[in-house]
Amino acid sequence: MSELRQDPVSGVTTVLEPERAGRPRDFVRMADELTDPGDCPFCAGHEDRTPPARLELPLPGEASWTVRVFENLYPALTAGPDEEWPRELDAPWPYRGTTGFGVHEVIVESPRHDDTLASYTPEHATLLVDAWALRIRGWREDGRFPCVLIFRNFGRAAGASMSHPHSQLIALPRVPEALVHELGNFSQEATERGRCLLCAVLSADDAGGRIVFDDGVTVVHSPWAAPSPYFMRISPRGCSASLADATAAERASLGRALVASARALHGAFGDVAFNLVVHDAPYSAQHAGLPFHWHIEVLPRTSDQAGFEWGSGVYTNVVDPDVAAAALRTGLALE
Ligand code: AMP
Ligand code: ZN
């Protein structure tokens, strides 16, 4: 079983998972070329090579699944059905840690190996959003975890080990530092100015012309203080804490926005690697009624983080977000 260890000096939490070191990687070494899809456990027809499905969603008219969710075969965090909470580790003072209590699921986004987010139809992308929302809701009902994170690694440079289109869900035993920070920022704006922080950010990016895509329900924008080149945030116009509570129309709109962001990147740069992370309000914050506006961050891997970023938590960005927004809009128009 993995362990969650916290460094007392930096406050940084690390999942120690030595047994995951040997998990398969289907990217050929040193290149983004893929190996034979015939070996891929996520392809249609290879369902017996993964744990059993927890959710299967077919597109209307399809006999078989389009999106399929199952437990990660090499989970970073696990919890047995009867386990209620993590166990404190017997750590040498001043270290602290707990058992790696949580959930790690794989969300296979398509039965086809060579599909990409940019190539999904709006209906297909909506089905993916439906799966995300259903799993977030499911673990909220389970009640044992304060927080879930959904993320997507695309391309080797973004940390992906499998090339078949997929995203992942991790439920954590406590709210991670990044979300604790965001919650604090939302609470401060609500206390000091009585408004939602992300709604204010959207107003500023509307006025500044940094919008990449907008259908009136969901916006893709290039934030004024983007931490890296061509960084995008995808946000619903309506202020809501959790994607789990999105209406069917909002989920369909998010599907369109996701595809638009991937097409904008593809149109501007071709097959660039990227990470995508859903920032949903931690369940504990939802129960406490804390202010939050869910959103998605898209981080293209156009530059490497180096010593300064690691040492300071301060990022460097060589592309003006206004220029990035224009390039992404042009990229989207070209697709
Ligand atoms: P990534 O490393 O971001 O590409 O995510 C792929 C995930 O799939 C990894 O976390 C692997 O542990 C997981 N994985 C690899 N093979 C299987 C399999 N046969 N069944 C379930 N999960 C798998
Ligand atoms: Zn495949």
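This is a predicted model: local features need pLDDT of at least 70, side-chain atom pairs count only at pLDDT 80 or more; totals for chains, interfaces and linings use all residues.

User: Which residues of α2 are buried?
Analyst: Leu179, Glu182, Leu183, Phe186 and Glu189. They sit on the same side of α2, because they cover an arc of only 130° around the axis.

User: And what does that buried side pack against?
Analyst: The buried residues of α2 pack against β7, α3 (197-207), β12 (274-279), α5 (283-288) and β13 (295-300).

User: Which exposed residues are on the face turned away from it?
Analyst: That face of α2 carries His181 and Thr191, which are exposed.

User: What follows α2?
Analyst: Gly194 does, and its phi is positive, near 65°.

User: Switching topic: which residues hold the zinc ion?
Analyst: The protein donors of the zinc ion (ligand 2) are Cys40 and Cys43, each through SG, plus His113 and His164, each through ND1. These donors lie 2.0 to 2.4 Å from the zinc ion.

User: What's the geometry of that site?
Analyst: Tetrahedral, with angles of 103 to 119° among the four donor atoms. Along the chain, the donors of the zinc ion follow the spacing C-x2-C-x69-H-x50-H.

User: Which parts does the pair Cys40 and His164 tie together?
Analyst: Cys40 is in the loop between β2 (13-16) and β3 (53-57), and His164 is in the loop between β7 (147-154) and β8 (166-172), so the pair ties together parts that are 124 residues apart in sequence.

User: Are Cys40 and His164 buried or exposed?
Analyst: Both Cys40 and His164 are buried. Cys43 counts as buried too, because its relative accessibility is 10% and the cut-off for buried is under 20%.

User: Last one: where does Ala125 lie?
Analyst: Ala125 is in helix α1, residues 122-142, and it is buried, with a relative accessible area of 0%.

User: What is Ala125 in contact with, apart from its neighbours within four places in sequence?
Analyst: Tyr120, Gly255 and Val259. As for Glu109, 16 residues from Ala125 along the chain, the C-alpha atoms of the two are separated by 8.6 Å.

Methods:
Residues are numbered from 1 along each chain as its sequence is written. Chains are lettered from A and ligands numbered from 1 in the order in which they are written. Side-chain values use heavy atoms; hydrogens and water are left out. Donors are N, O and S atoms within 2.8 Å of the metal (3.2 Å for Na, K and Ca); water is not among the atoms, so sites may look incomplete. Four donors count as tetrahedral if all angles lie between 85 and 135 degrees; four count as square planar and six as octahedral if opposite donors are over 155 degrees apart and all others between 65 and 115; anything else is irregular. Helices (H or I, at least four residues) and strands (E, at least two) are DSSP runs, numbered from the N terminus. Buried means under 20% relative accessible area, exposed over 50%, partly exposed in between (1.4 Å probe, protein chains only). The arc is that of the directions from the helix axis to the C-beta atoms. Contact means heavy atoms within 4.5 Å.
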